[in-house]
Amino acid sequence: MEDSLQTILSIENVRVKAHHGWYPAERKIGGMYSISVFIYKYAQAAESYNEITDTINYESIHAIILKEMKVEYALIEHCTKSLWDKLKVLQEESIWEVKLVNEDVPIKFVGQTSFTIKG
């Protein structure tokens, strides 16, 4: 692997208001969520990255996030897995990491919760 590089492409902290939560009141009121996506892959050291086809278009990732966050989920784990499933098909040979942060946790003294899937 001397002539290869590990690359990490990311889109971080996409903030979206969504209606997820175990309790009906959480889903009704909604809250702020932050989504970060990291794509890990190996590339040839000689890769030039001159064309959009040499990488993944950020707009595709962003569009999938916005569409999926419109769906109501009872658990952020389920939402994160659904995001991962839909994003992974963009480049199946890469390792995808999806992190979903709930910024509005209905538990006193808890600032946020998160769930991450990588694979």
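This is a predicted model: local features need pLDDT of at least 70, side-chain atom pairs count only at pLDDT 80 or more; totals for chains, interfaces and linings use all residues.
Residues are numbered from 1 along each chain as its sequence is written, and side-chain values use heavy atoms, leaving out hydrogens and water.

**Stop one: a ring and a charge.** Select Tyr-40 and Lys-118. Lys-118 lies over the face of Tyr-40, 4.3 Å from the ring centre (a charge counts as over a ring if NZ of Lys or CZ of Arg is within 6 Å of the ring centre and within 35 degrees of the ring normal).

**Stop two: the largest pocket.** Its volume is about 240 Å³. A pocket is an open set of points on a 1 Å grid over the protein atoms alone, where a 1.4 Å probe fits, with protein on both sides within 12 Å along at least five of seven lines; lining residues have an atom within 4 Å of a point. Now pick Trp-22, Glu-26, Asn-102, Pro-106 and Thr-113: of the 15 lining residues, these are the closest to the centre of the largest pocket.

**Stop three: the second largest pocket.** This one holds about 190 Å³ of space. Select Thr-7, Lys-41, Tyr-49, Asp-54 and Thr-55, the closest to its centre of 13 lining residues. Then colour β2 (31-44), one of the elements giving two or more residues to this lining; β2 gives the most, with four residues.

Terms used: Grid points are joined across faces, edges and corners, and a volume is the space filled by probe spheres set on the points.
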